[in-house]
Amino acid sequence: MKRFTDLAEFTREQVLELVALARRLETQPDPHALAGKVLGLLFMNPSLRTLASFQAGMARLGGDSLVITPGQSTWQFETRDGAVMTGAAAEHIREGLPVLSSYCDALGIRAFAAGEDLEDDLADRRFNAMAALVDRPLINLESAINHPCQALADWKTLDELPGSGRRKFVLSWVSHPKALPLAVPAATVHMAAMRGMDVVVLRPEGYALPKAIMDKARSAAVASGGSVAETADRAEALAGAHVVYAKEWGSTRNYGDEAADQAQRRSLKHWCLRNDWLTDAADDCRVMHCLPVRRNSAIADEVLDGPRSLVLRQAYNRMPAQMAVLYRLLKS
Amino acid sequence: MKRFTDLAEFTREQVLELVALARRLETQPDPHALAGKVLGLLFMNPSLRTLASFQAGMARLGGDSLVITPGQSTWQFETRDGAVMTGAAAEHIREGLPVLSSYCDALGIRAFAAGEDLEDDLADRRFNAMAALVDRPLINLESAINHPCQALADWKTLDELPGSGRRKFVLSWVSHPKALPLAVPAATVHMAAMRGMDVVVLRPEGYALPKAIMDKARSAAVASGGSVAETADRAEALAGAHVVYAKEWGSTRNYGDEAADQAQRRSLKHWCLRNDWLTDAADDCRVMHCLPVRRNSAIADEVLDGPRSLVLRQAYNRMPAQMAVLYRLLKS
Amino acid sequence: MKRFTDLAEFTREQVLELVALARRLETQPDPHALAGKVLGLLFMNPSLRTLASFQAGMARLGGDSLVITPGQSTWQFETRDGAVMTGAAAEHIREGLPVLSSYCDALGIRAFAAGEDLEDDLADRRFNAMAALVDRPLINLESAINHPCQALADWKTLDELPGSGRRKFVLSWVSHPKALPLAVPAATVHMAAMRGMDVVVLRPEGYALPKAIMDKARSAAVASGGSVAETADRAEALAGAHVVYAKEWGSTRNYGDEAADQAQRRSLKHWCLRNDWLTDAADDCRVMHCLPVRRNSAIADEVLDGPRSLVLRQAYNRMPAQMAVLYRLLKS
């Protein structure tokens with residue numbers, strides 16, 4: 001394994017093996033596996049779970065990690081090719097990335113969507129430009145359009161649920177005070193389809209996931225025997241749901257136009273997941289969210305603090321899932 | 001030992017054992033004691049000693065630590081129950097704290113007083129709300145009303161002084177450009193009383209320590225055979241003093257009213273500890289302060305740079321004292 | 001070895017031994033050499049290479065490191081003696097430095113030039129005031145007038161080049177949007193002279209290196225058999241050059257006067273190193289820079305991305321060079 005940047009680069013069997021390895025590392029720690037190895041973590045954007053779980057996971061495998069946050073303890077980074085650098089950014093990624101990776105055995109990069117041009121973000125141009133400069137094992141810590149570490153942790157979380165047979169997985173848009181990226185919805189719909197679930201994307205008008213995202217999920221569903229649908233009809237979507245994965249994302253109709261998006265969102269504040277959404281869901285229906293979550297904007301307290309919530313388990317599973325990734329990338 | 005959040009939760013014998021363990025770890029290092037263990041350090045407020053000494057101490061015991069600073073490398077935290085989260089804070093402590101502790105073997109939390117409502121701060125509501133969300137060994141890195149790590153380090157520092165018999169310990173208010181919390185004065189007066197010293201709180205009018213703090217110290221003194229008194233009369237307080245512990249804190253008469261407090265402090269600028277304060281103190285009288293200290297506002301250069309000062313030794317003792325705490329919390 | 005703050009404190013033979021040790025640690029790792037040791041890294045200014053390479057290097061030797069950034073996760077530091085501290089700075093270096101070093105086995109300090117008074121900066125007053133407060137092995141992570149870690153890494157990089165005999169080393173001023181310190185030019189000209197090269201400092205009028213810097217380099221050249229010259233004539237300087245080391249620095253004629261400096265620099269924008277500068281250089285002429293570099297302001301893309309560039313190798317060499325320093329300072 002050379003890099004972990006997209007679940008789609010792995011077969012279903014390889015993902016199952018990673019999840020199995022994550023489970024094994026939970027019960028049979030291997031505290032010297034990565035002794036002497038150094039993981040670099042580059043955060044272009046804030047983090048809690050990723051920051052803490054990678055540091056803790058690396059330490060539990062006997063390795064070390066270092067954190068770089070441009071603009072905070074280090075120089076701001078320039079990313080544009082050919083830029084005449086007379087502004088605030090003192091360092092170009094063409095130097096910063098190769099230099100940082102030359103000190104490390106593996107590198108993780110977080111680079112959120114710029115949120116201006118949908119094609120750029122769908123093509124993951126910013127992350128890919130940085131990834132191309134790294135000649136070490138590479139981990140995507142969330143890019144414009146992907147979050148494979150979250151997807152792997154969610155897969156493990158779903159595996160821990162009782163019940164078998166075909167399961168209905170609803171990815172539901174929920175309300176948020178500002179436009180958020182498409183990375184988690186894109187990674188989630190693909191993961192659930194790849195896992196063979198019957199996936200329904202529930203979202204208001206104007207928030208349909210772009211065709212590229214839906215197509216990728218659909219082709220994963222074809223291979224796994226699952227299915228992918230979408231609707232704006234909440235009752236239809238939630239009826240019989242086994243899992244509701246709530247997530248905020250920005251308008252795809254008005255992508256990059258925060259004012260138009262905000263106007264649109266004003267009438268969508270009732271898209272806050274409450275218990276009464278789940279009346280016709282399966283009895284054991286569970287609620288997921290990648291966190292951080294805006295309480296009482298995206299999901300009500302009654303759901304987050306109730307028995308349906310899996311959000312803390314998902315977050316915990318980031319650590320063993322990533323330990324499995326680190327193990328595969330770095331164990332000699 | 002499950003948590004270290006208040007010296008008052010321990011018996012005098014247990015504290016003496018911790019101090020003895022701290023001394024042992026100084027001379028007989030145990031560099032693999034905590035191998036594979038991860039300490040999470042959550043700083044809601046700045047730090048130098050706590051930040052550095054916990055990281056260094058954990059490393060010297062073979063363990064690892066990770067630092068989270070909300071609003072800096074991670075999301076701002078919401079702390080209010082039931083909040084509709086449409087503002088700046090992206091993550092609620094109800095998620096942030098359980099998630100962070102799920103990655104760690106122990107968690108330390110620093111959460112200073114809000115400084116608005118005296119009852120809230122005396123009840124340590126903010127820290128306790130966070131602590132209630134943590135199901136791991138927990139360390140108080142300074143809360144609104146307590147600083148047990150400082151108290152333990154100071155106890156060890158006092159043990160290192162020559163002389164025996166009853167010792168007079170004066171906690172003296174000193175001047176500061178802004179209102180500071182009650183955590184250190186509260187922890188200090190309790191620690192010295194629990195150690196069996198004759199404690200005098202010297203402070204100007206308007207700065208009396210709240211009854212709850214004085215009562216807690218008095219009941220510790222009853223158990224240890226010490227005593228607790230208070231006065232605004234500097235000559236009386238300092239006569240025969242063996243230790244003067246200087247500390248700044250905000251007006252308790254005008255708690256939370258910075259303008260009134262500032263007006264009051266304007267006439268108190270002479271409360272800067274100088275050598276001539278100690279004319280009638282014991283010959284071997286020593287000066288303590290928890291640091292950081294405002295030189296020539298709280299304590300004059302001549303005292304800090306003179307032979308009476310223990311401030312660097314106190315700061316150094318943070319590390320072995322905390323190593324003893326980590327050892328008791330985490331050594332299997 | 002007690003400290004590593006200036007290459008001039010070592011003999012040529014000692015430097016050669018350090019470089020040899022750096023090479024050995026590259027091929028024969030010694031992953032437990034510094035087990036249980038703690039390196040404190042104090043950054044008064046931003047960093048990428050120093051921050052990451054010291055953490056990675058310390059980890060590769062089995063040790064730990066901790067990072068302190070005043071004003072960010074910790075208090076702002078006061079540096080002036082006798083200050084009445086009623087302003088923003090909560091902690092004086094007279095406490096902060098001894099406290100920090102009491103937790104650590106070695107301390108690294110970065111403290112850039114204030115850039116106001118040339119004599120102060122040439123005397124390295126700020127760094128020396130901090131260094132005087134540290135009673136542990138000390139490393140200069142770049143001070144007002146020195147950057148020995150960069151110099152040692154550059155020495156190793158030069159050793160890796162083919163060819164022998166006398167080599168012409170040109171330190172060339174290049175354009176930058178703001179005045180930068182003299183630390184790297186001073187360290188570089190001294191290092192190349194000490195290495196026995198024929199050094200030419202190429203700079204426009206107003207940017208001559210101060211006499212103290214040139215004199216120090218000249219006396220190193222006398223001992224090593226090298227030479228040191230300076231000129232504003234680019235063609236003369238670059239003819240036959242084996243190495244061109246590009247570096248930005250502020251006007252020495254208008255030191256500390258950013259407005260005057262900026263006016264001066266406006267006519268110097270063509271001092272951006274391009275391939276056509278090197279027409280009369282040696283065929284195998286290589287280009288160096290300490291990074292971060294402003295692309296297309298200091299050096300053109302065509303040079304940085306071309307075969308002459310050594311900048312990534314220089315940056316990489318920071319890690320093994322510093323591992324050798326850590327090894328000599330800390331290995332018992």
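Copies of a chain are superposed here by least squares on the C-alpha atoms of residues with pLDDT of at least 70 in both. The model is a predicted one. On that basis, chain B can be laid on chain C with an RMSD of 0.0 Å, by a turn of 120° and a shift of 0.0 Å along the axis. That is the relation of a three-fold axis. Within chain B, the C-alpha nearest this axis belongs to B:Q72, and it lies 4.7 Å from the axis.

How do the copies meet? Of the interface residues of chain B, only 3% are also interface residues in chain C, so the copies meet through different surfaces. The contact of chain B with chain C takes 30 residues from chain B and 27 residues from chain C. On the chain B side of this contact, α2 (49–60) and α12 (311–330) of chain B each supply at least two residues. Helix α2(B) gives the most, with eight residues. Sorted by class, the side of chain B that touches chain C has 18 nonpolar, seven polar and five charged residues.

Chain A contributes 30 residues and chain B contributes 27 residues. On the side of chain A that touches chain B, α2 and α12 (311–330) of chain A each supply at least two residues, and α2(A) gives the most, with eight residues. The residues on this side of chain A divide into 18 nonpolar, seven polar and five charged.

What does α2 of chain A lie across in chain B? Helix α2 (residues 49–60) of chain A lies across β2 and β3 of chain B, and its direction is at about 175° to that of β3(B). Chain B has a helix of its own on the sheet: α3 (residues 93–103) of chain B packs there and touches β2, β3 and β6 of chain B. The direction of α3(B) makes about 155° with that of β2(B).

These strands belong to an open sheet of five strands in chain B, with the order β1-β7-β6-β2-β3 and parallel pairing. At the edges stand β1 (3–4) and β3 (64–68) of chain B; each has a single partner strand, so one side of each is left without a neighbour in the sheet. In general, strands of a sheet pair through backbone hydrogen bonds, either parallel or antiparallel. Within this sheet, β2 (residues 38–43) and β6 (residues 106–110) of chain B pair in the parallel sense over five bridges. One of the residues facing across strands is B:L42, which stands opposite B:I109 in β6(B).

Last comes the division within a single chain. Chain A is divided into domain 1, covering 3–147 + 318–330, and domain 2, covering 150–314. Taken over C-alpha atoms, the centres of the two domains of chain A are separated by 25 Å. Across the boundary, 25 residues of domain 1 of chain A are in contact with 28 residues of domain 2 of chain A. On the domain 1 side, the elements that give two or more residues are α1 (12–27), α4 (118–122) and α12 of chain A. Helix α1(A) provides the largest share of that side, five residues. By class, the side of domain 1 of chain A that touches domain 2 of chain A has 14 nonpolar, four polar and seven charged residues.

Key: Residues numbered from 1 in each chain as written. Chains lettered and ligands numbered in written order. Predicted model: local features only at pLDDT ≥ 70, side-chain atom pairs only at ≥ 80, totals over all residues. Pairing = 2+ DSSP bridges. Helix = DSSP H or I, 4+ residues; strand = E, 2+ residues; numbered from the N terminus. Contact = placed C-beta atoms within 7 Å. Axes fitted to C-alpha atoms, helices over the stretch in contact; angles between N-to-C directions. Nonpolar A, V, L, I, M, F, W, Y, C, P; charged D, E, K, R; others polar. Domains from an automatic or database assignment.
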